[in-house]
Amino acid sequence: MATTDAPDPLDDRLALEGLLGQAEQLDEHLLRWTSTRLPGGQGGRSGRPYDPDRHEAVYYHHDPPSRLRALIAVHSSVLGPALGGARWQPYADIGEALTDVLRLSAAMTAKMAVSGLDCGGGKAVIIGDAATKTPEQLAAYGRFVERLGGRYVTGTDVGTTLDDLPLIAAHTSRVVGMSPAGEVVKDTAEPTVRTVLHGMRASLKAVFGDGSLARRRIVVIGVGKVGGEVARRAAAEGANVAVTDLYDEIAAPLASEIGAEHVALDGAYAQPCDVISPNALGGVLNSSTIPELRCRIVCGGANNQLLRDPADADLLAERGIAYAPDYVVNAGGAILVGVDYATGSASPEDMLERVGATTLDLLRVSQREGISTAEAALRSIDARLAGASGG
Ligand code: PHE
């Protein structure tokens with residue numbers, strides 16, 4: 001009999017089938033759904049080349065010995081192999097995990113398309129507290145990835161670190177940024193920091209005519225692998241930085257290290273400033289935070305910042321706030337590892353650099369045509385996907 005805290009895979013299956021329809025059982029612990037539609041999705045892009053609510057495949061795996069419960073979503077492989085990191089989070093239930101993996105994998109497709117990479121979009125979520133993850137769970141996750149035979153290639157995301165990768169890679173070769181000998185040779189966080197800063201300078205240029213960070217007030221929300229370094233480098237460039245995080249014990253020492261102000265998370269979105277930079281979890285730009293904003297620009301590394309895309313982008317545009325689409329400016333990690341899987345791409349350095357120009361371009365198209373930057377980005381993503389699929 002199961003203990004009370006043990007996840008019951010049968011419950012997961014029932015809940016997932018309630019949302020996605022009947023599963024195909026690939027083996028005792030592996031389920032698959034193909035051509036799914038995001039339950040409760042926002043619709044609106046049905047039939048377009050880029051439809052974030054429609055996925056090629058979703059997989060669920062449960063490993064009883066390690067108690068791993070994980071989902072992998074392949075949103076699109078139209079442009080190339082589906083790449084994306086693994087997020088480790090204590091989701092309240094399997095439905096919440098499913099929504100997250102579907103939205104995150106779709107964002108990876110957008111990121112690859114808008115950066116000009118011949119890669120597709122995928123993502124994994126593991127249900128659990130990242131602080132208590134075990135080597136056995138990482139191994140089980142590696143076997144799960146391997147079982148998909150290359151349809152999905154994994155890496156790090158919120159809740160997973162470079163230290164986890166060799167443990168995963170011991171069971172699968174489908175891990176980004178590793179040498180054949182199984183050593184981590186590429187980090188995705190550092191190049192992401194670089195592209196966020198390129199995007200920030202471009203946004204400042206579009207709004208103020210000057211792309212310098214010096215003396216600009218920048219509120220960095222979430223100071224983990226990406227946000228912490230965005231804050232550090234912005235401060236080094238002379239910005240007046242404020243930092244906040246769910247965990248004060250992370251934000252406080254960083255604030256004193258870089259001479260930044262440490263502000264409370266509660267109310268951080270209402271801080272008067274030039275730039276709000278969200279760098280943690282998604283859904284933070286929504287109908288309750290957007291009216292509170294007192295910034296000119298939103299530019300950060302977090303995935304899926306808009307709760308409703310593109311409706312919340314319209315709200316930002318109506319308020320005259322320049323929104324640098326997240327999947328444009330946080331593409332640095334994807335670019336650096338994606339070039340290993342794409343043929344004929346330009347040099348990664350050029351592609352990282354180009355994120356600034358793309359951001360500026362989207363802001364200008366949005367101003368000129370009276371559409372949100374998110375809508376402008378979606379149009380270019382549609383064009384790339386339509387071209388690739390011959391549609
Ligand atoms: N997880 C990061 C992102 O969302 C970096 C990453 C990109 C990891 C591509 C794996 C593959 O972009």
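1. Aromatic pairs first: the count comes to zero under the rule that rings of Phe, Tyr and Trp (its six-membered ring) pair when their centres lie within 6.5 Å, with planes under 30 degrees apart called stacked, over 60 edge-to-face and the rest tilted. Please keep in mind that this is a predicted model, where local features need pLDDT of at least 70 and side-chain atom pairs count only at pLDDT 80 or more, while totals for chains, interfaces and linings use all residues. Residues are numbered from 1 along each chain as its sequence is written, and side-chain values use heavy atoms, with hydrogens and water left out.

2. Rings do turn up with charges, though. Arg216 sits over the face of Phe208, 3.8 Å from the ring centre, and Lys133 over the face of Trp88, at 5.6 Å. The test asks for NZ of Lys or CZ of Arg within 6 Å of the ring centre and within 35 degrees of the ring normal.

3. Now to the sheet. Six strands make an open, parallel sheet in the order S11-S10-S9-S12-S13-S14. Its edges are S11 (261–262) and S14 (322–323), each pairing on one side only. Strands here are DSSP runs of E with at least two residues, helices are runs of H or I with at least four, and both are numbered from the N terminus; two strands pair if DSSP finds at least two bridges between them.

4. Strand S12 (residues 275–278) is worth a look in your viewer. Four bridges join it in parallel to S9 (residues 217–221), where Val220 has Ser277 as its bridge partner and Ile218 stands opposite Val275. S12 also pairs with S13 (residues 297–298) in the parallel sense, over two bridges, and Val298 is the bridge partner of Ile276.

5. Which way do the S12 side chains point? Val275 and Ser277 go one way and Ile276 and Pro278 the other, and all are buried (under 20% relative accessible area; exposed is over 50% and partly exposed in between, with a 1.4 Å probe and protein chains only). In a regular strand, side chains alternate between the two faces of the sheet.

6. A few backbone angles deserve a check. Most residues other than glycine have a negative phi, and most peptide bonds are trans. Ser35, in strand S2 (residues 30–37), has a positive phi of about 45° and is partly exposed, at 45% relative accessible area. Asn304 has a positive phi of about 55° and is buried, at 11%. Asn304 lies in the loop between S13 and H8.

7. The whole structure has one cavity of 30 Å³ or more, and the largest cavity has a volume of about 40 Å³. A cavity is a set of points on a 1 Å grid over the protein atoms alone where a 1.4 Å probe fits but cannot get out, and lining residues have an atom within 4 Å of a point. Points are joined across faces, edges and corners, and the volume is the space filled by probe spheres set on them. Among the lining residues are Leu162, Leu165, Lys186 and Asp187.

Note on methods. 1 Å grid on protein atoms, 1.4 Å probe; cavity = no way out; pocket = protein on both sides within 12 Å on 5 of 7 lines; lining within 4 Å.
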